[in-house]
Amino acid sequence: MTSETITVESSGTWRLGDLPVRRVGLGAMRLTGSAAFHLGTPSDRERSLAVLRRAVELGVNHIDTAAFYFSSLRSANELINSALAPYADDLVVATKVGPYRDWSGEWGTSARPEDLRAHVEENLRQLGRDHLDVVYLRRMGQDSVAEHFGALAELREAGLIRHLGLSDVEPRHLAEAQAVAPVVSVQNRYGLGFHDPATDALLAQCRAQGIAFVPFFAIAGEAGPRGAGAAHDEEVRAVARAHGVSPAQVRIAWTLHQGPHVLAIPGTGNPEHLAENVAAGALRLTDEEVARLDGARTG
């Protein structure tokens, strides 16, 4: 498998509501620096713009971002706007609201329901759009999502948002939100390096209902926002050697194997890693390999 000749069509497609997207997308978090938020050094602007443009050339039409994705010099939304506007008709840009960072980069108090319109409008301004394709409510520890989700549903009715999603939730939150408005996607931490039975149940719940499930940190595992670590399990390395690919590509392929409704959004600011991530959508694992990796995850 050579990443130079593979485009994202190999990964297949799914729908976010009425919006068809290819199953390997791009997470924008790492475009701003060597690690997420204020944890690393700012990125080279031209290289980040080149990654976005190359992603679209390779067929990526699903980009995941947020207004709170910024480093001391770079804003993910501004980079997306600069690189890709005017946007292609088939490009889906999903964003998240709820968390808040001040201009120094420090985390502040997360949004109250009445604050969410300002969060949505900030994303609109930064992206240079008159509506947002998909907006996730990122739960920030609250027991109920109904009031916050209701505020976003009102903005959807007003035409500022096309579709709604949930992030960092439990199965009960999905049911609670669905009583308010349709949910097209759920975004939770999920991957070979992270095992949470509640999220496994949510994955199955989304599969049964035809809702997209969009894992974050699927490659990074326990490293989280600091990015992929070097400590890949031996089982992952063995499968990677068998296919002549990287451990990160195996992790993406395993993630996609969890169901046709699963969408990968690996983040990178590196053009070479981008090509590898896209190529991972064409990697087909055997049943034996999947079972081996499943055992390593739950063992």
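This note goes through several local features of a predicted model.

1. **Threonine 95: where does it lie?** Threonine 95 is part of strand 5, which covers residues 92–97. Is threonine 95 buried or exposed? Its relative accessibility is 0%, so threonine 95 counts as buried. The cut-off for buried is under 20% relative accessible area.

2. **Threonine 95: what does it touch?** Leave out residues up to four places away in sequence. Threonine 95 then touches Thr65, Ala66, Ala67, Asn123, Leu132, Val134, Val135 and Tyr136. Look at asparagine 123 in particular. The side chains of threonine 95 and asparagine 123 are joined by a polar contact of 2.7 Å.

3. **Helix 2 against helix 3.** Asparagine 123 turns up again here. Helix 3 spans residues 116–127, and helix 2 packs with it at an angle of about 40°. Their axes are 8 Å apart. Helix 2 and helix 3 are therefore oblique to each other. From helix 2, the contact uses Asn77, Glu78, Ile80 and Asn81. From helix 3, it uses Asn123, Arg125, Gln126 and Leu127. By class, the contact of helix 2 with helix 3 divides into 2 nonpolar, 4 polar and 2 charged residues.

4. **Helix 1 against helix 2.** Helix 2 (residues 76–84) also packs with helix 1 (residues 45–57). At what angle do helix 1 and helix 2 pack? The angle is about 60°, and the axes are 9 Å apart. Helix 1 and helix 2 are therefore oblique to each other. Angles from 65 to 115 degrees would count as roughly perpendicular. The crossing of helix 1 past helix 2 is right-handed.

5. **Who makes the contact of helix 1 with helix 2?** Helix 1 supplies Arg45, Ser48, Leu49, Leu52, Arg53 and Val56. Helix 2 supplies Glu78, Leu79, Ile80, Ser82, Ala83 and Leu84. This contact of helix 1 with helix 2 has 7 nonpolar, 2 polar and 3 charged residues.

6. **A cis peptide bond.** Look next at the loop between helix 2 and strand 5, where proline 86 has its place. The peptide bond from alanine 85 to proline 86 is cis. Its omega is near -5°.

7. **Leucine 39.** Leucine 39 sits in the loop between strand 3 (26–27) and helix 1. With a relative accessible area of 31%, leucine 39 is partly exposed. How many residues along the chain separate leucine 39 from serine 71? They are 32 residues apart, and their C-alpha atoms are separated by 8.2 Å.

8. **Aspartate 168.** Check the backbone here. Aspartate 168 has a positive phi of about 60°, although it is not a glycine. Its place is the loop between strand 7 (161–167) and helix 5 (171–178). Aspartate 168 has a relative accessible area of 32%, so it is partly exposed.

9. **Helix 8.** Why is helix 8 (residues 247–256) described as largely enclosed by the rest of the structure? Because 10 of its 10 residues are buried. Among the buried residues are Arg251, Trp254 and Gln249. What do the buried residues of helix 8 pack against? Their partners are helix 7 (234–243), helix 9 (271–279) and helix 10 (287–298).

Technical notes
Residues numbered from 1 in each chain as written. Predicted model: local features only at pLDDT ≥ 70, side-chain atom pairs only at ≥ 80, totals over all residues. Heavy atoms only, no water. Helix = DSSP H or I, 4+ residues; strand = E, 2+ residues; numbered from the N terminus. Buried < 20%, exposed > 50% of the residue type's maximum accessible area, 1.4 Å probe, protein only. Polar contact = N/O pair within 3.5 Å; in protein donor to acceptor, adjacent residues only side chain to side chain. Contact = heavy atoms within 4.5 Å. Axes fitted to C-alpha atoms, helices over the stretch in contact; angles between N-to-C directions. Parallel < 35°, antiparallel > 145°, perpendicular 65-115°, else oblique. Left-handed = near helix turned anticlockwise from the far one by under 90°. Nonpolar A, V, L, I, M, F, W, Y, C, P; charged D, E, K, R; others polar.
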